[in-house]
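Biologist: Could you take a close look at the sheet with me, and explain step by step how its strands are arranged?

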Amino acid sequence: MQQRQELRKAGELLQSGEDIGLATVYRVLTQFEAAGLITRHNFEGGHSVFELDDGDHHDHMVCVETGDVIEFVSEEIERLQHHIAEEYGYELLDHSLVLYVKQKDDNSDDD
Ligand SMILES: [Zn+2]
């Protein structure tokens, strides 16, 4: 709970637009990550996203044009991953799945 309050404080500080320095932000985020409060996702192209770890599993789509990160859950994909690991004689412990996407062109009917 203490850490949650600190996290909220840090979030407010970030949103206040005060110049607190990237190194400070990074240090705080890394501490929260170590405490298991947030999860860092590293995407191709070098950018990372920090998310509050609320225990609910989801995977990500990243729009390569806008950098938008979209969360999604597919029971089918989740099940398949367990199945594949099992087929190879392993037990699935964790995974991270990132789909790199771009917005469909609404004007094209050719697919
Ligand atoms: Zn997943």
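Modeller: A strand here is a DSSP run of E with at least two residues, numbered from the N terminus, and two strands pair if DSSP finds at least two bridges between them. This is a predicted model, in which local features need pLDDT of at least 70, side-chain atom pairs count only at pLDDT 80 or more, and totals for chains, interfaces and linings use all residues. Residues are numbered from 1 along each chain as its sequence is written.

Three strands form an open sheet with mixed pairing, in the order β4-β3-β5. Because β4 and β5 stand at the edges with a single partner strand each, one side of each is left without a neighbour in the sheet. From one strand to the next the twist averages 25°, where axes are lines fitted to C-alpha atoms and angles run from 0 to 180 degrees between N-to-C directions.

Strand β3, residues 59-63, pairs with β4, residues 69-72, in the antiparallel sense over four bridges, and Met61 stands opposite Ile70 in β4. The hairpin of β3 and β4 has five residues between the strands, and Gly67 takes a positive phi near 80° in this hairpin. With β5, residues 98-101, β3 pairs in the parallel sense, again over four bridges, and the bridge partner of Cys63 in β5 is Val101.
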